[in-house]
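Hi there,

Here is the structure I promised to pass on to you. Please have a look at it first, and then read on for what I found.

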Amino acid sequence: MKRLLLAATSMLALATGQAMAQQRLVVAAYGGSYEKVMREQVIPPFERANNVRVDYLTGNSTDTLAKVQAQKGNQQIGVIVVDDGPMFQAIGLGFCQKVTDRAAVDALYPIAVLGDGAALGTGFGYTGLAYNEKLFRERNLPVPTSWNDLTRADLKGRISIPGIDNTYGVHTVAMMARINGGSEREPGPGFRAMREKVNPNVLAYESSPGKMSEMFTSGEIWMAVWGSSRARAMQVAGFPMGFVAPKEGGVALMTATCAVEGNPAPELAQKFVAHLVSPDVQAAFSKEYGSGPTNRNTQLPPEVAQHVIYGEEQVKTLIGLDWSVINPARQEWTRRWQREVER
Amino acid sequence: MSAALPREALAPPAATPARRARFRLPAPFLLSLPALLALGGALLLPLLGVAMLSFQGFDFDTGITPGWSLANYAELARDSLFHEALARTFRIALIVTALCVLLGVPEAWIIHRMAPRWRGLMLLVVVGPLLVSVVVRTFGWMVLLGTNGLLNQAMLALGIPGAPFRMMFTEFALILGLVHVMVPLVVLSVWASLGRLDPALLRAAESLGASKAATFRRVVLPNIMPGVLGGALMVFCLSASAFATPAMLGGKRLKVVASMTYTEFLNTLNWPLGAAIAVLLLLAILAATLLWTRLVERPALRRLGAA
């Protein structure tokens with residue numbers, strides 16, 4: 001009995017000793033298929049290599065930004081992953097710590113280094129039109145080719161668009177503005193087109209990727225404005241998802257990461273940021289999540305490469321929006337969207 | 001509530017006026033102190049914080065700007081979107097309350113009249129939904145109400161003209177979901193009143209020749225009125241501040257005040273404006289509650305001789 005007790009206490013001592021030595025890092029990033037890749041392939045090797053425990057906080061970009069804003073002065077989150085637009089906001093608000101690993105920064109395409117090295121792009125994708133290939137074939141509907149397909153009468157009540165709180169929603173307004181004679185600086189025509197022509201077709205504005213997938217699988221919606229990686233993830237899961245870059249252009253969408261200023265484990269956070277842009281991790285995301293690598297040393301097998309944005313040349317074929325104009329006006333865009341479009 | 005109970009229980013009934021004046025204050029006060037502290041720390045302080053936040057300004061690049069101004073309230077007073085959401089919130093809360101009372105009171109009465117062994121089971125069936133998370137229950141409605149959902153498939157199979165109907169993302173879906181969530185509250189609250197109902201009263205009514213309907217209307221109903229009114233008030237307050245069900249079944253278009261608060265806090269990051277919306281919702285519900293007690297509950301109870 002005595003020996004057993006001794007063994008138990010020493011085990012306990014060992015266990016607590018280990019727990020004390022083990023540091024923690026909080027990572028806030030997207031949910032859905034992105035989280036799956038993170039939990040299965042990205043986080044475990046990092047935990048082993050650095051003897052650390054990583055806690056994962058799920059949220060879309062604006063949620064994550066809100067959390068960082070809420071914890072200003074007492075940051076718990078070490079690393080965030082958000083879309084490029086919100087990342088520029090995060091940099092502007094001073095939430096990002098400059099990346100210290102010069103080698104990691106130099107390995108990226110210059111377009112993926114944001115705010116002079118305050119944040120790094122982790123993957124390329126683009127916003128376009130996702131549609132249920134099977135339903136379109138069965139009903140003899142023409143495959144979408146243009147942003148104007150959002151106004152088609154034969155898709156009335158069968159379309160979903162993510163809300164303005166989501167980058168896809170911002171992209172939709174910006175593109176409707178551009179093809180109707182406006183621009184990011186002059187979004188009026190975009191809002192008018194959304195209100196008069198697109199809104200009557202929209203069943204629901206849905207920002208959550210999980211609910212969007214659910215509406216596609218239940219046949220509730222036939223087409224949606226969505227991201228290439230999200231559509232790819234549905235294809236990998238076996239759904240007959242079609243995805244096109246409209247002829248006016250798909251809109252470039254980069255996911256980006258940064259270490260949060262004033263976080264409790266700055267060294268680990270910096271290491272994790274470098275880990276996210278390392279070729280191995282980038283290849284895993286390309287294969288499972290359908291995002292294009294931002295690290296130019298990433299080697300992809302051809303069957304993976306054909307489904308993602310691969311290389312700077314391909315990135316250049318996409319439309320890049322002017323976030324320096326949108327971000328300061330984003331509150332105004334949100335107001336207008338809520339009052340003019342989403343009603 | 002907690003302050004009143006110990007006083008009734010502990011004040012010595014036979015004490016002289018002088019002794020009562022000396023002892024009445026501290027003992028109940030001390031006894032309710034823990035509750036007061038908990039309430040103050042967990043409810044009043046945060047509420048005060050929210051109220052103070054609502055007077056501050058916001059700028060996206062600099063965040064919350066300190067100061068005292070009524071700008072947020074002025075903005076809401078002018079904002080037609082907020083007016084629409086406020087009107088929708090109270091319209092829905094009223095309809096849900098009415099439906100819950102219409103369904104819940106007979107339900108409780110029927111269960112009350114059942115044989116004891118069925119009674120427990122049926123009560124469990126009614127209360128069962130409360131054991132499941134609101135989110136899960138609402139997801140169930142999403143599956144049922146979709147254009148390709150079970151309800152529409154059934155209506156198509158029955159050849160009902162006009163099917164399939166669009167039910168998701170309508171106020172109908174929202175009300176249906178809320179009623180499902182709230183009915184057990186009315187049933188429980190009426191159930192408690194029914195438990196205090198003296199069975200002899202029913203027999204007396206019967207022996208004096210009252211019909212079943214007259215007994216229910218003139219004997220049972222007045223006796224359970226406190227339960228009905230209390231349950232209705234609970235349903236109204238919870239429906240007016242409900243967030244998950246409206247957000248999931250109504251979608252982004254059908255904004256209610258609670259979902260507007262959520263958007264301001266978590267998407268726009270304009271906390272002061274969100275706080276102002278929250279304060280206005282609280283005041284509106286508080287006003288409705290006071291009006292209800294003053295104009296409906298108190299006169300009704302007085303007429304029935306219960307208060």
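Predicted model: local features only at pLDDT ≥ 70, side-chain atom pairs only at ≥ 80, totals over all residues.

The bond ties distant parts of the chain together: Cys96(A) sits in strand β4 (residues 96–97) of chain A and Cys258(A) in strand β11 (residues 251–260) of chain A, 162 residues apart. The torsion about their S-S bond is about -70 degrees, so this disulfide is left-handed. Both ends are covered: Cys96(A) is buried at a relative accessible area of 11%, and Cys258(A) is buried at 0%.

How many disulfides does a search of the whole structure find over all chains? The search finds one. Chain B has cysteines too, but the sulfur of Cys100(B) has its closest cysteine sulfur 13 Å away, in Cys237(B), which is too far for a bond. Cys100(B) is buried, with 0% relative accessibility, whereas Cys237(B) is partly exposed at 21%.

Next, the nonpolar cores. The largest one has 122 residues, and those with the most contacts inside it are Met38(A), Met87(A), Ile161(A), Phe216(A) and Phe272(A). A second, separate core has 31 residues, including Ile111(B), Val187(B), Leu194(B) and Leu197(B).

Leaving out residues up to four places away in sequence, Phe216(A) touches a set of neighbours, among them Ala130(A), Tyr131(A), Trp222(A), Trp226(A), Met234(A), Phe239(A) and Met241(A). As background, nonpolar side chains in soluble globular proteins tend to be buried together.

Finally, some overall numbers for chain A. The chain has 15 helices and eleven strands. Its radius of gyration is 22 Å, close to the 20 Å that the globule rule gives for 343 residues, so chain A is as compact as a globular protein of that length. The C-alpha trace of chain A spans about 80 × 40 × 40 Å along its principal axes. Of the 343 residues in chain A, 59% are buried. Among contacts in chain A with a separation of 6 or more, 71% are between residues 24 or more positions apart. The accessible surface of chain A is about 14,100 Å², and carbon and sulfur atoms account for 53% of it.

How values were computed. Residues numbered from 1 in each chain as written. Chains lettered and ligands numbered in written order. Heavy atoms only, no water. Disulfide = S-S within 2.5 Å. Helix = DSSP H or I, 4+ residues; strand = E, 2+ residues; numbered from the N terminus. Buried < 20%, exposed > 50% of the residue type's maximum accessible area, 1.4 Å probe, protein only. Core = buried A, V, L, I, M, F, W, Y, C linked by side-chain atoms within 4.5 Å. Contact = heavy atoms within 4.5 Å. Rg over C-alpha atoms; globule rule 2.2 N^0.38 Å. Areas by Shrake-Rupley, 256 points an atom, 1.4 Å probe, with all protein chains shown as cover.
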